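Please examine the sequence and the three-dimensional structure shown below. The paragraphs that follow lead through selected features in turn.

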Amino acid sequence: MTEDSRYGDDVGVVTVTYFSEDTIERFLDTLEKATEREVKVVVADNASVEGALEEITRRRANVQLLDIGENVGYGTAANRGVAELDDRYGWVVVVNPDLEWEPGSLDALLDVATRWPRGGAFGPLIHDLDGTVYPSARLLPSFGRGIGHAAFAKVWPANPWTRQYRQETGTPVERVAGWLSGSCQLLRREAFDSVSGFDTRYFMYFEDVDLGDRLAKAGWQNVYAPSASVMHEGGHSTSQASEKMLKAHHDSAYRYLADRHRGLAWKPVLAAVKLGLKLRLKLETR
């Protein structure tokens, strides 16, 4: 927290739900053991079984349910959840509800933040149910890495473009990354405000890549903090609309590249990228 920050040092947690009734209680239970601090939780609900989340959240004094009433996407819902927090909350965790916290993991993230005064976002080590570490701190996509990764990741997983992009080599160490997985990030509120939060044009996917890029351009750092560890079930919400989510992924990938490559010289390249993404989507949804 900088000396002239308008915010206090309290911690708020914002989780975006979409028919997440069967995971949210475990999420909240494990969060209680992740920190010794009092935290406020905002559940920003895009959709749920009627009455289910009201029943779950009513039993917890530190949890607020924000009923959005429609599926506005991840970034927009997260922004609305953050806006519910007053100026006491200088730290905000934006996190998926199908995640389980390891004991002490949020305190470990906050501890890392004290060592990085220009850190704007901090991401823990994320592992799957079987213990496999997910590559949650990556380089920013470029045309070369992006095309190589998109073309070969499925048929040649160990290709050099994917390995470079996913940054999977070696033992996980605390370091600056290009971007951090949006499934769990601790955000310095001052930094989040400086870039106006998530770009609401991204319905799903790449909103975390875009945020990491904009934070870095604003002078903040995206810090990978593997001393903190969480388990992510993954894909719970998106599995309910897989074809729609695949299209959203491809649309967001194109938006990210188009936003960063403007001008007439890039139009033929972007047209080729759009065609390639369209063909890839057709193949994946056959």
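**Aromatic pairs and their surroundings**

The structure holds six aromatic pairs, where rings of Phe, Tyr and Trp (its six-membered ring) pair if their centres lie within 6.5 Å, with planes under 30 degrees apart counted as stacked, over 60 as edge-to-face and the rest as tilted. One of them joins tyrosine 74 and phenylalanine 198: the ring centres are 6.4 Å apart and the planes stand at 75 degrees, so the pair is edge-to-face. Tyrosine 74 belongs to helix H3 (residues 74-83), whereas phenylalanine 198 sits in the loop between helix H7 (189-194) and helix H8 (207-217), so the pair ties together parts that are 124 residues apart in sequence. Ring pairs link Tyr74, Phe192 and Phe198 into a cluster. Tyrosine 74 is buried, with a relative accessible area of 8%, and phenylalanine 198 is buried at 3%; buried means under 20% relative accessible area, exposed over 50%, and partly exposed in between (1.4 Å probe, protein chains only).

The model is a predicted one, in which local features need pLDDT of at least 70 and side-chain atom pairs count only at pLDDT 80 or more, while totals for chains, interfaces and linings use all residues. Residues are numbered from 1 along each chain as its sequence is written, and side-chain values use heavy atoms, with hydrogens and water left out.

The chain as a whole has ten helices and twelve strands; helices (H or I, at least four residues) and strands (E, at least two) are DSSP runs, numbered from the N terminus. Of its 286 residues, 50% are buried. Among contacts with a separation of 6 or more, 78% join residues 24 or more positions apart, contact meaning heavy atoms within 4.5 Å.

Helix H7 also contains arginine 189, which counts as buried because its relative accessibility is 6%. A polar atom of the arginine 189 side chain lies 2.9 Å from the backbone oxygen of leucine 85. Beyond its neighbours within four places in sequence, arginine 189 is in contact with several residues, including Tyr7, Val82, Leu85 and Val92. Arginine 189 and valine 92 are 97 residues apart in sequence, yet their C-alpha atoms are 6.3 Å apart.

Attention now turns to another helix. Seven of the nine residues of helix H4 (residues 105-113) are buried, so the helix is largely enclosed by the rest of the structure. Serine 105, found in H4, counts as buried at 3% relative accessibility. The serine 105 side chain reaches the backbone oxygen of glutamate 102 at 2.6 Å. Leaving aside neighbours within four places in sequence, serine 105 is in contact with Ala34, Ala228, Ser229 and Val230.

Strand S12 (residues 221-232) includes glutamine 221, which counts as partly exposed because its relative accessibility is 26%. Not counting residues up to four places away in sequence, glutamine 221 touches Trp116, Arg118, Gly119, Gly120, Ala121 and Val176. The C-alpha atoms of glutamine 221 and proline 117 are separated by 9.0 Å, although the two residues are 104 residues apart along the chain.

Strand S2 (residues 39-47) and strand S3 (residues 63-67) pair in the parallel sense over five bridges, and two strands pair if DSSP finds at least two bridges between them. Aspartate 45 has aspartate 67 in S3 as its bridge partner.

Conventions:
A polar contact is a pair of N or O atoms within 3.5 Å; within protein, one must be able to donate a hydrogen and the other to accept it, and residues adjacent in sequence count only if both atoms are side-chain atoms.
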